[in-house]
Amino acid sequence: SGEVSETVSTGSSAPQPHPLAAKKPSIKRTPNDFIFGKTIGEGSYSTVYIAKEVSTSNEFAIKVCDKKFIMKERKSEYIMREKTVLTKTNHPFIVRLYYTFQDSDRLYFVLEYARKGELLYYLTKLSSFDMNCSRFYAAEMVEALDYLQQQGVIHRDLKPENILLNDRMHIMITDFGSAKILKMDGTDKEDANAKPSSAQGHRRNSFVGTAQYVSPEVLNSKKAYYSSDLWALGCIIFQFLSGETPFRGGHEYQIFQKVCRLDYEIPEGFNSTAADLVQKLLVLDPTQRLGCKEMGGMNTLRQHTFFEGIVWEGLEKQNPPELV
Ligand code: ADE
């Protein structure tokens, strides 16, 4: 049935276990191993708390899901997706899952704590970012997306509220409940999540990410592409620099129409190099976006003039520019 397995494997694809992950116990944790603090996030089917592990004083973000609610609302697929992705990823810009456990009523995901919260908070506070900040945070996203693609993962709901920040102000991408997991080699678009055709009927078209960032191919419910995340990246870079998403409207369907028609305008005064990049990411055809396989891959994206000055090696060890 829709049972969610509670075992985390560190995954054979993980090259080096994270230091904290290495402390993964052979005995399952329980809620009593943590002191739960305030709520730091609320989703449609989960609540995230800050929590301190009693034995180590380490702080974590614990995502708690109500089992009855998940079964009633048929959300177990989302939970399993998220767990599958987080179990196989090991990257500084992807939120880490340390342990999972459950009690009779709830599921618990013990996650890396993003001390500085959502990138959206800073974007809202500052209205927009300068070129230097936009370039740096876009570069970290490029690194994360390249890694996800290598792992066969399409996020499908990238947006500033799913980009968290650690204590050093580096990004941590979260919320993989909407992710699509493709075959590992990344060369085909075979859908590893596909239901048998009999089950497909009532599920088809069920997923659309967030209107402002959704790509035309996801809207038209065609195949998922890695470059659907590149579309979202284009929307996010536009938003970093202008403070607004490119496709806006009073209702979702108005946004959807604009997306499908590529109906957006580069604002006056928008940096011309950034405009060139945005125009090469916001392309209706998913095989024609800068950075996609057909267009020469992620290195081609890294080489765009927008990223001039970025030292791609070891971004996570660099000091991010102060957000202004
Ligand atoms: N909100 C949701 N997930 C979070 C995390 N891992 N850290 C901080 N806040 C969060």
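How many disulfides does a search of the whole structure find? The search finds zero disulfides, a disulfide being a pair of cysteine sulfur atoms within 2.5 Å. This is a predicted model, in which local features need pLDDT of at least 70 and side-chain atom pairs count only at pLDDT 80 or more, while totals for chains, interfaces and linings use all residues. Residues are numbered from 1 along each chain as its sequence is written, and side-chain values use heavy atoms, with hydrogens and water left out.

View 1. A polar backbone atom of E112 is 2.8 Å from a nitrogen atom of the ligand, and a polar backbone atom of A114 is 2.9 Å from a ligand nitrogen atom; a polar contact is a pair of N or O atoms within 3.5 Å.

**View 2. Two cysteines.** C65 is buried at a relative accessible area of 1%, and C133 is likewise buried, at 1%, where buried means under 20% (1.4 Å probe, protein chains only).

Definitions and conventions: A polar contact is a pair of N or O atoms within 3.5 Å; within protein, one must be able to donate a hydrogen and the other to accept it, and residues adjacent in sequence count only if both atoms are side-chain atoms. Buried means under 20% relative accessible area, exposed over 50%, partly exposed in between (1.4 Å probe, protein chains only).
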